[in-house]
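User: Please go through the geometric assignments for this entry and set each one against its criterion.

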Amino acid sequence: MDLLNTLVDKGLRRELPTREEALAVLATSDDDLLDVVAAAGKVRRQWFGRRVKLNYLVNLKSGLCPEDCSYCSQRLGSTAGILKYTWLKPDEASQAAAAGLAGGAKRVCLVASGRGPTDRDVDRVSDTIKAIKDQNEGVEVCACLGLLSDGQAERLREAGADAYNHNLNTSESTYGDITTTHTYADRVDTVQKAHAAGLSACSGLIAGMGESDEDLVDVVYSLRELDPDSVPVNFLIPFEGTPLAKEWNLTPQRCLRILAMVRFVCPDVEVRIAGGREVHLRSMQPLALHLANSIFLGDYLTSEGQAGKADLEMIADAGFEVEGADQVTLPEHRVAAGGGCGSHESAGCGSQESAGCGGHESAGCGSHEGGGMCGTTTAAPAATEARTDLVAVRRRGAGTDLAPNA
């Protein structure tokens with residue numbers, strides 16, 4: 001396909017595809033799916049080889065969130081039967097993190113429900129970061145605490161945080177349909193605060209909320225403009241007791257197309273398969289490793305993932321290798337530029353002229369531009385059969401007396 005040849009060439013040069021090209025990836029047929037995966041796989045291997053980075057979530061504070069994000073089992077008004085507990089003590093969080101690190105994770109993501117941290121909360125998390133780093137040399141720590149106030153990102157950086165996650169989740173034009181208690185602009189502001197403080201920015205999306213192809217392309221182009229180092233791609237976990245419980249819009253094939261589109265738009269960025277991969281990719285998870293270079297190990301914030309041992313076997317069986325603690329995740333040109341996506345004057349990833357790279361609560365490390373193509377609006381695909389049997393509430397690990405899944 002000429003389209004795929006063009007996209008591979010652009011990806012190897014870090015050149016932004018057109019919106020028409022990105023939309024065309026999402027519109028490819030099942031007959032062309034393996035060709036799409038193979039093409040995006042070339043770009044992935046160019047910048048990340050066959051390495052897979054493992055990340056591990058620790059839910060520091062679960063449930064009872066005052067925000068109304070429709071996808072979230074911890075939201076205001078949620079009746080999902082999730083674990084609810086207040087802040088873990090630093091030693092409890094460190095013990096939880098140790099399980100993931102023993103399983104091969106090199107980054108720990110510390111997540112807390114809520115609109116955003118108070119200054120006392122930042123002190124708590126700072127103590128937790130210190131406890132984890134004192135006991136685990138070389139570990140990366142990412143904080144995900146919601147909307148940041150002035151000066152908080154700098155305090156987290158001083159405490160030893162390496163990264164901060166705050167997802168855009170969906171397009172600006174549809175954001176108000178998903179959340180009303182804060183704005184899309186609030187989210188953008190927090191990502192920019194983290195970046196300005198010297199933290200590695202992590203920001204991604206949630207697919208499967210009923211969005212159109214144009215919405216998906218819009219949010220990924222907006223992410224590219226924000227220029228995060230990592231982009232988590234979450235697939236909605238439709239929890240019973242949340243407004244989006246009936247949204248079963250994804251198939252394994254569509255998930256692969258979405259990941260491929262993200263890779264083409266963000267060729268040299270850490271693309272992470274986050275929440276929902278077990279629910280929606282199912283037996284096609286190994287194919288997704290040809291597109292993404294990062295996954296979460298074990299369980300998520302409020303839902304269970306597949307066994308950590310199965311994750312490691314899947315990586316090995318697919319011909320990939322777990323990224324070691326001594327290996328640098330990002331390509332040299334991004335590291336040399338201070339962790340960003342390269343020069344903002346270039347046509348590569350991060351160009352201000354490029355129009356836009358850079359979980360979902362149960363999904364990734366997340367607490368949480370418009371304009372379609374040629375005036376068209378592509379409807380979301382027809383709903384697939386609900387697989388509620390694959391949605392399991394987490395009952396182990398942080399906040400319990402049971403051993404975690406790692």
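User: How much space lies in the largest pocket, and what makes a region a pocket?

Analyst: This is a predicted model, in which local features need pLDDT of at least 70, side-chain atom pairs count only at pLDDT 80 or more, and totals for chains, interfaces and linings use all residues. Residues are numbered from 1 along each chain as its sequence is written, and side-chain values use heavy atoms, without hydrogens and water. On a 1 Å grid over the protein atoms alone, a pocket is an open set of points with protein on both sides within 12 Å along at least five of seven lines, whereas a cavity is a set where a 1.4 Å probe fits but cannot get out. The largest pocket holds about 400 Å³, the volume being the space filled by probe spheres set on the points.

User: Which residues lie nearest the centre of the largest pocket?

Analyst: Its lining (residues with an atom within 4 Å of a point) has 20 residues, with Arg107, Asp162, Ser200, Asp229 and Leu330 nearest the centre. By class there are 4 nonpolar, 8 polar and 8 charged residues; Asp, Glu, Lys and Arg count as charged, Ala, Val, Leu, Ile, Met, Phe, Trp, Tyr, Cys and Pro as nonpolar, and the others, Gly among them, as polar.

User: Why is α1 called roughly parallel to α3?

Analyst: The axes of α1 (residues 2-12) and α3 (residues 33-48) come within 9 Å and cross at roughly 10°. Axes are lines fitted to C-alpha atoms over the stretch in contact, with angles from 0 to 180 degrees between N-to-C directions. Angles under 35 degrees count as roughly parallel, so α1 is roughly parallel to α3. The contact (heavy atoms within 4.5 Å) includes Leu4 and Leu7 of α1 and Val36 and Trp47 of α3.

User: What makes Asp30 and Arg257 a salt bridge?

Analyst: The criterion is a side-chain nitrogen of Lys or Arg within 4 Å of a carboxyl oxygen of Asp or Glu. The closest N and O atoms of Asp30 and Arg257 are 2.3 Å apart, so the pair qualifies as a salt bridge. Asp30 lies in the loop between α2 and α3 and Arg257 in α10, so the bridge ties together parts 227 residues apart in sequence. The structure holds 28 salt bridges.

Technical notes:
Helices (H or I, at least four residues) and strands (E, at least two) are DSSP runs, numbered from the N terminus. Angles under 35 degrees count as roughly parallel, over 145 as roughly antiparallel, 65 to 115 as roughly perpendicular and the rest as oblique.
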